[in-house]
Amino acid sequence: MRAKWLILLKVQLTGLLGINKAKHSDDARVKRRTAGGIAAVCIVGFVILFYAALIAVGFCLQGLGKNLPALSVALSSLIVFIFTLFQGRNLLFSAKDYDAVMSLPVSHGEIILSRLLCAYLSNLAFALAIALPVHVVYFVFEGFSPGVFGTALLASLLSPVLPLTLGAALSVLAAGLTARMKHRNLLQTLLAVAFFVAAMVASFSFSFSANAGENGPDLSAMFGVLVGKMYPPALLVDKTVSGDAVWGIFAFAGISLAAGALFVAIVSLFFAKINTALLSRASRAGYRTKDVRASSAFSALAKKEFKRLVSGPAYLLNGCCGILILLLFAAVLPFVNLQSAFDIPAEEYAEVLAVFANMGAGLSVMLIAMSCPSASALSLEGSSRAQMLSMPLSARSILLSKCVPTFCIDCTGGLLFALSFGFKMQAGAANWAALLLTPPVFAAFIALAGIWLNVKFPKYDWTTETQAVKSSVPVFVTVFGGMLFGMAVMVPAAFFGALPALVACALAAALCVPLFLSLKRADLRMN
């Protein structure tokens with residue numbers, strides 16, 4: 001008889017990108033959306049392949065090729081750990097299909113194993129996208145060796161296991177400890193944001209401390225930090241590849257598999273209790289009468305969208321990661337000595353500062369475009385969208401209310417960055433105009449574009465909110481389209497001043513008009 005956890009795993013895997021729904025649907029729109037989602041994933045994969053190959057070539061040119069297998073493990077593991085930490089609770093608990101799954105004749109251990117394996121396979125695809133180009137470059141520069149090939153293959157296959165287990169364990173522990181708290185969602189969101197900011201600060205500190213020499217940044221320092229300090233298990237792989245300890249890869253495999261098995265065994269004992277606590281609401285201490293303030297239906301919906309955004313760690317971090325980076329830049333820039341940080345000669349400092357000032361608006365465009373909660377706001381209605389359709393409001397009013405958080409957050413964060421950046425770079429009048437005009441214009445454009453895409457490509461059939469805020473066509477398009485658009489503004493601005501940013505603002509403002517008008521004809525009943 002086929003193992004039950006394998007059946008659960010198959011159902012979850014086919015549902016990741018809507019493959020199962022497209023396979024059994026006669027609606028051509030569903031098939032097109034699924035194909036678009038798969039195409040977006042493929043594009044992301046090619047981008048990862050390209051940058052991983054560039055990093056690997058840089059290591060080989062500095063004579064560090066022998067360290068590439070361990071670097072691949074450390075880099076992919078750290079990224080898997082960070083993302084799992086943010087969404088580990090949603091990987092295992094509080095899913096919409098909890099009642100249906102618990103009614104099946106399966107054990108808690110099989111449920112957890114299937115969900116963990118589903119997360120492992122999706123993270124394995126990411127890890128292999130890093131490992132494949134890195135090891136191809138390694139064999140080209142260092143020569144092929146069967147022993148290294150076997151070590152690299154086993155290390156790559158097992159690299160997501162330990163970080164996935166550790167990230168999920170910490171996330172589950174935080175969920176369990178805060179399950180009975182009144183404001184548990186807000187607390188978990190604040191913790192996730194604090195961790196994100198700490199990770200960014202550590203990354204920036206490392207970047208500024210690595211001064212560029214004649215051959216570029218000192219990549220040996222990067223290897224020492226990533227492998228030696230941030231992810232020591234990768235040293236076991238490095239010892240095996242170097243020949244110092246053949247047993248290193250076996251120790252790495254044993255630690256990874258043992259950690260995963262132990263996690264499944266422990267969490268299965270408390271699976272039902274944690275789910276029950278997370279799905280229940282914390283009781284209030286007491287009811288107090290308050291004055292009821294009158295407000296419009298539109299403002300009530302906008303407040304609801306704000307509350308939904310700040311109460312979901314995955315939603316907030318995925319939807320606002322770009323603006324969080326902008327705010328971090330705004331806070332850090334006044335205290336950074338740019339001349340020493342980038343090793344700029346004194347006689348060239350004024351010229352370099354002018355180039356930076358020209359590129360500021362492009363950077364703002366890129367990070368604002370990457371921050372688009374409206375791209376998944378409609379999808380998050382999920383099975384409760386019947387309530388949304390019953391409201392005495394037009395479709396455009398409902399959709400615009402979902403744009404409000406995106407516009408407010410992006411515009412506020414962008415203006416704070418503009419002030420900090422403009423004063424630090426001693427911007428001229430044209431650059432000040434571009435810096436101050438970009439946030440409101442692009443905040444409006446990206447908010448409208450995100451909700452327009454979400455209407456065209458909704459994802460209502462999610463079981464955890466992570467699927468809606470990460471694995472959807474609108475999110476892929478806004479994030480990676482925004483990155484490309486921002487680069488298309490930032491690079492020409494380095495040579496032509498503020499003109500490219502001002503042209504981009506005019507284009508974005510013009511596009512806001514048809515996007516706004518199209519919302520009047522939106523059909524919220526689309527599946």
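The tour goes from confidence to a loop residue, then to a helix and to aromatic rings.

This is a predicted model, in which local features need a pLDDT of at least 70 and side-chain atom pairs count only at pLDDT 80 or more, while totals for chains, interfaces and linings use all residues. Residues are numbered from 1 along each chain as its sequence is written, and side-chain values use heavy atoms, with hydrogens and water left out.

Begin by colouring the chain by pLDDT, the predictor's confidence in each residue, from 0 to 100. The mean pLDDT of the chain is 78, and 74% of its residues reach 70 or more. Select residues 211-215, where the pLDDT is below 50 and where the model has 7 contacts beyond near neighbours in sequence, a contact being heavy atoms within 4.5 Å. Residues 282-287 also have a pLDDT below 50, with 5 such contacts.

Next, select Ser-371, in the loop between α16 (349-369) and α17 (374-377); helices are DSSP runs (H or I, at least four residues), numbered from the N terminus. Is Ser-371 buried or exposed? Its relative accessible area is 0%, so Ser-371 is buried, a word that stands for under 20% relative accessible area with a 1.4 Å probe and protein chains only, whereas exposed means over 50% and partly exposed lies in between. The side chain of Ser-371 reaches the backbone nitrogen of Gly-322 at 3.2 Å. Beyond four places in sequence, the residues in contact with Ser-371 include Cys-320, Thr-406, Asp-410 and Ile-446.

Now move to helix α20 (residues 429-456), whose 28 residues reach 40 Å from first C-alpha to last, close to the 40 Å expected at 1.5 Å a residue (the expected span is 1.5 Å times one less than the number of residues). At Thr-438, shortly before the proline Pro-439, α20 has a kink of about 35 degrees, the bend being the angle between axes fitted to the seven residues ending there and the seven starting there.

Finally, show the rings of Phe, Tyr and Trp (its six-membered ring), which pair if their centres lie within 6.5 Å, and count as stacked with planes under 30 degrees apart, edge-to-face over 60 and tilted for the rest. There are 10 aromatic pairs by this rule. One of them is Phe-417 with Phe-421, a tilted pair at 5.2 Å centre to centre and 35 degrees between the planes. Because Phe-417 and Phe-421 are 4 residues apart in helix α19 (residues 395-424), about one helical turn separates them. In α20, select Phe-442 and Phe-445, which lie 3 residues apart and are both buried.

Technical notes. Helix = DSSP H or I, 4+ residues; strand = E, 2+ residues; numbered from the N terminus. Polar contact = N/O pair within 3.5 Å; in protein donor to acceptor, adjacent residues only side chain to side chain.
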